[in-house]
Each structure stands twice: as structure tokens, then as C-alpha cells.
Amino acid sequence: MGILAWILLGLLAGIIAKMLMPGKDPGGIILTTLIGIAGGLLGGWLGKVLFDVDSVDGFFELSTWVAAIVGSIILLAVYRLFARRK
């Protein structure tokens with residue numbers, strides 16, 4: 001996938017993760033995008049390490065979206081933990 005596809009996927013995965021984990025976050029759309037992009041990478045890496053699958057096949061593959069959303073949820077939860085401590 002190209003860089004623009006990763007940014008779009010990250011944006012959408014971050015928004016979906018925020019919808020699945022409602023609550024007040026101190027971040028805006030830029031932080032949501034960054035969490036989504038990093039979450040997609042984290043989800044792809046976890047899928048490879050834990051299940052030995054290539055979870056980043058293509059933009060329209062279900063495994064890519066699931067990996068990105070799960071990774072985004074993990075990072076959003078970690079972000080909320082650190083944001084509350086401040």
C-alpha cells in the first residue's frame with residue numbers, strides 16, 4: 001500500500017477506534033490520525049508475531065482493517081492511560 005493509503009486507513013481506523021471507545025480525549029483529528037497510522041502498523045506487527053499471518057495484504061482486505069482498528073484501540077487505550085496521569 002502507498003503512503004496515502006496508509007494515511008487514509010490510519011485516519012479511518014483511528015476514527016473507528018474512537019467510536020468504539022467513547023470518551024473525552026485531549027487529542028484532535030491530527031492525533032487521531034497519528035494513533036490510527038501507528039495502530040495500523042502495530043496491528044500488522046502483532047498479527048505477524050502472534051498468529052504468523054500477513055495481516056497487511058491490501059487496502060480493501062478485511063484483515064488489514066481489523067489489524068489497524070485493533071492496533072488503534074490498543075494505542076488509544078495506552079494514550080488515555082498516560083494522558084490521565086498528567
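Author: Let us begin with Val78, which counts as partly exposed because its relative accessibility is 35%, where partly exposed lies between buried (under 20% relative accessible area) and exposed (over 50%), using a 1.4 Å probe and protein chains only.

Reader: Where is Val78 found?

Author: Val78 is found in helix 3, which covers residues 62–85; helices here are DSSP runs of H or I with at least four residues, strands are E runs of at least two, and both are numbered from the N terminus.

Reader: Before going on, what kind of model is this?

Author: This is a predicted model, in which local features need pLDDT of at least 70 and side-chain atom pairs count only at pLDDT 80 or more, while totals for chains, interfaces and linings use all residues. Residues are numbered from 1 along each chain as its sequence is written, and side-chain values use heavy atoms, with hydrogens and water left out.

Reader: OK, which residues form a nonpolar patch on the surface?

Author: Leu62, Val66, Val70, Ile74, Val78, Leu81 and Phe82 form that patch, and together they have about 640 Å² of accessible area. In general, an α-helix has 3.6 residues a turn, so residues three or four places apart point the same way.

Reader: And which residues of helix 3 are buried?

Author: The buried residues in helix 3 are Thr64, Trp65, Ala67, Ala68, Ile69, Gly71, Ser72, Leu76 and Arg80. Ser72 counts as buried because its relative accessible area is 0%.

Reader: What does Ser72 touch?

Author: Leaving aside residues up to four places away in sequence, Ser72 touches Ala13, Gly14, Ala17, Ile35, Gly36, Gly39 and Gly40, where contact means heavy atoms within 4.5 Å. Ala13, with the neighbours up to four places away again left out, touches Trp65, Ala68, Ile69 and Ser72.

Reader: Which residues make up the largest nonpolar core?

Author: That core has 7 residues in all, namely Trp6, Leu9, Ala13, Phe59, Trp65, Ala68 and Ile69. Helix 1 (3–20) and helix 3 each supply at least two residues of this core.

Reader: Changing topic, how many helices and strands are in the chain?

Author: The chain has 3 helices and 0 strands, and read along the sequence its pattern is α-α-α. Helix 3 has 24 residues and reaches 35 Å from its first C-alpha to its last, close to the 34 Å expected at 1.5 Å a residue.

Reader: How much of the chain counts as buried?

Author: Of the chain's 86 residues, 35% count as buried.

Key: Patches are made of residues with over 30% relative accessible area and no salt bridge: like charges are joined within 9 Å, nonpolar side chains (Val, Leu, Ile, Met, Phe, Trp, Tyr) within 5 Å. Accessible areas come from the Shrake-Rupley method with a 1.4 Å probe; for residues, only the protein chains shown count as cover. A salt bridge is a side-chain nitrogen of Lys or Arg within 4 Å of a carboxyl oxygen of Asp or Glu. A nonpolar core is a set of buried Ala, Val, Leu, Ile, Met, Phe, Trp, Tyr and Cys residues joined through side-chain atoms within 4.5 Å. The expected span of a helix is 1.5 Å times one less than its number of residues.
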